[in-house]
Amino acid sequence: MTILKDRARMIRVDQAGEFGATRIYAGQLAVMGDRGPQSAEIRGMAEQEAGHRAEFDALMARRGVRPTVLEPFWNIAGFALGAGTALIGPEAAMACTAAVETEIDNHYSQQLDELEKDDDDPELAAMIDRFREDEREHRDAALAAGAEKAPAYPLLSAAIRLGCRAAIRLSERI
């Protein structure tokens, strides 16, 4: 596969991930509203993710990269995941954030390693690096807010992380 196609895949999957994150937070806020103990923090994270998505949307438009055809599915699945974890409780909502952001940190780190090898796309590398730092902050904030106190945390976290890895692989290709 050419470098150009690799970069298009990176941009497509990253935009899909940022879109999915906005939907997860929308689902959490739909359940928690402004009364939840972490609502303000979730709202702030959601705004950051919306900014990330807007930057990827603009990059896609400039470079002619098509979005994943799975976006309608990620719309529903992300919202359902966010709402479902918020229904379990605030710690489960934070566990969702910690799990998702752990996988995104890993994913972005792998992409940065690949971009470093080729050193041909400093714009994309800078975006990913900046966004990775935000995702790490989200993960750390979720852990500090009690993510690990969620019911069945190890199982919940593992299931969400597995789902994220599957979503990444599918969005790269479809």
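This is a short tour of one chain, stop by stop, for use with the structure open in a viewer. The model is predicted.

**Whole chain**

Start with the whole chain in cartoon view. The secondary structure comes to six helices and zero strands. Read along the sequence, the pattern is α-α-α-α-α-α. Show the C-alpha trace next. Along its principal axes, the trace spans about 45 × 30 × 25 Å. The radius of gyration is 16 Å, which agrees with the value near 16 Å for a compact globule of 174 residues.

Of the 174 residues, 49% count as buried. Contacts across the sequence are worth a look too. Take those between residues at least 6 apart in sequence: 83% of them join residues at least 24 apart.

**The nonpolar core**

Hide the surface and go inside. In soluble globular proteins, nonpolar side chains tend to be buried together. The largest nonpolar core here has 41 residues. Select I11, F56, V100, L124, I128 and I160, the members that touch the most other members. Then colour the elements that give two or more residues to this core: α1 (3–32), α2 (39–63), α4 (90–118), α5 and α6. Which helix gives the most to this core? The answer is α4, with 12 residues.

Stay with V100 and show its surroundings. Leaving aside neighbours within four places in sequence, V100 is in contact with I24, I160 and C164.

**H138 in α5**

Select H138 next. H138 lies in helix α5, which covers residues 122–144. Is H138 buried or exposed? H138 is buried, because its relative accessible area is 3%, and buried means under 20%. Show its partners. Beyond neighbours within four places in sequence, H138 is in contact with Y25, M45, Q48, E49, T97 and E101.

**The loop between α5 and α6**

Move on to A145. A145 sits in the loop between α5 and α6. With a relative accessible area of 22%, A145 is partly exposed. Its contacts, leaving aside neighbours within four places in sequence, are Q38 and M94.

A152 has a positive phi of about 55°, although A152 is not a glycine.

**G84 in α3**

Jump to G84. G84 is found in helix α3, residues 71–88. G84 counts as partly exposed, at 29% relative accessibility. Now draw a line between the C-alpha atoms of G84 and L29. The residues are 55 apart along the chain, and the separation is 11 Å.

**A nonpolar patch on the surface**

Bring the surface back for the last stop. Which residues form a nonpolar patch on the surface? Select V69, L170 and I174. Together they have about 250 Å² of accessible area. Zoom in on L170, which is found in helix α6, residues 153–173. L170 counts as partly exposed, at 39% relative accessibility.

Terms used
Residues numbered from 1 in each chain as written. Predicted model: local features only at pLDDT ≥ 70, side-chain atom pairs only at ≥ 80, totals over all residues. Heavy atoms only, no water. Patch = residues over 30% accessible without salt bridge, like charges linked within 9 Å, V, L, I, M, F, W, Y side chains within 5 Å. Areas by Shrake-Rupley, 256 points an atom, 1.4 Å probe, with all protein chains shown as cover. Salt bridge = Lys/Arg side-chain N within 4 Å of Asp/Glu carboxyl O. Helix = DSSP H or I, 4+ residues; strand = E, 2+ residues; numbered from the N terminus. Buried < 20%, exposed > 50% of the residue type's maximum accessible area, 1.4 Å probe, protein only. Core = buried A, V, L, I, M, F, W, Y, C linked by side-chain atoms within 4.5 Å. Contact = heavy atoms within 4.5 Å. Rg over C-alpha atoms; globule rule 2.2 N^0.38 Å.
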